[in-house]
Amino acid sequence: MSEKVFNAEELAKYNGQNGQPAYVAIDQTVYDVSDKAAWAGGKHHGNLAGQELTQIIDGQSPHGRRVLKDLPVVGTYQA
């Protein structure tokens, strides 16, 4: 099975709203955050699922990228 490739429009569909899964892109990798309580409703500390958040996780997140290792990878991101 080939890996799914997301662009900004496709990724935006996975915003954790209305029964949709919640996905975020970090450094061209798309992660599923749906099962994380911190991302309930597709929102986490003012950030929204369905977006590319590399600058946020690197520049503003207190936990940084260490949380990514526990997340399922669902595809790649190409702007």
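Student: Hi! Is Glu 10 buried or exposed in this predicted model?

Tutor: Glu 10 is buried, at a relative accessible area of 18%. The cut-off for buried is under 20%, so Glu 10 falls within that class.

Student: Which residue does Glu 10 form a salt bridge with, and how far apart are the closest N and O atoms?

Tutor: Its partner is Lys 4, and the closest N and O atoms are 3.3 Å apart. Lys 4 is partly exposed, with a relative accessible area of 36%.

Student: And which residues are linked in a network of salt bridges?

Tutor: Lys 4, Glu 10 and Lys 13 are linked in that way.

Student: How many salt bridges does a search of the whole structure find?

Tutor: Five. One of them pairs Asp 27 with Arg 65, with 2.8 Å between the closest N and O atoms.

Student: Where do Asp 27 and Arg 65 lie?

Tutor: Asp 27 is in the loop between E2 and strand E3 (29–32), and Arg 65 is in the loop between H2 and strand E7 (73–77), so the pair ties together parts 38 residues apart in sequence. Asp 27 is partly exposed at 38% relative accessible area, and Arg 65 is also partly exposed, at 34%.

Student: Switching topic: what volume does the largest pocket have?

Tutor: About 370 Å³. It is lined by 20 residues, and those closest to its centre are Trp 39, His 44, Ile 57, His 63 and Val 67.

Student: How do the lining residues divide into nonpolar, polar and charged?

Tutor: There are 12 nonpolar, six polar and two charged residues in the lining. Strand E2 (23–26) and helix H2 (54–59) each supply at least two lining residues.

Definitions and conventions: Residues numbered from 1 in each chain as written. Predicted model: local features only at pLDDT ≥ 70, side-chain atom pairs only at ≥ 80, totals over all residues. Heavy atoms only, no water. 1 Å grid on protein atoms, 1.4 Å probe; cavity = no way out; pocket = protein on both sides within 12 Å on 5 of 7 lines; lining within 4 Å. Points joined across faces, edges and corners; volume = space filled by probe spheres on them. Helix = DSSP H or I, 4+ residues; strand = E, 2+ residues; numbered from the N terminus. Nonpolar A, V, L, I, M, F, W, Y, C, P; charged D, E, K, R; others polar. Salt bridge = Lys/Arg side-chain N within 4 Å of Asp/Glu carboxyl O. Buried < 20%, exposed > 50% of the residue type's maximum accessible area, 1.4 Å probe, protein only.
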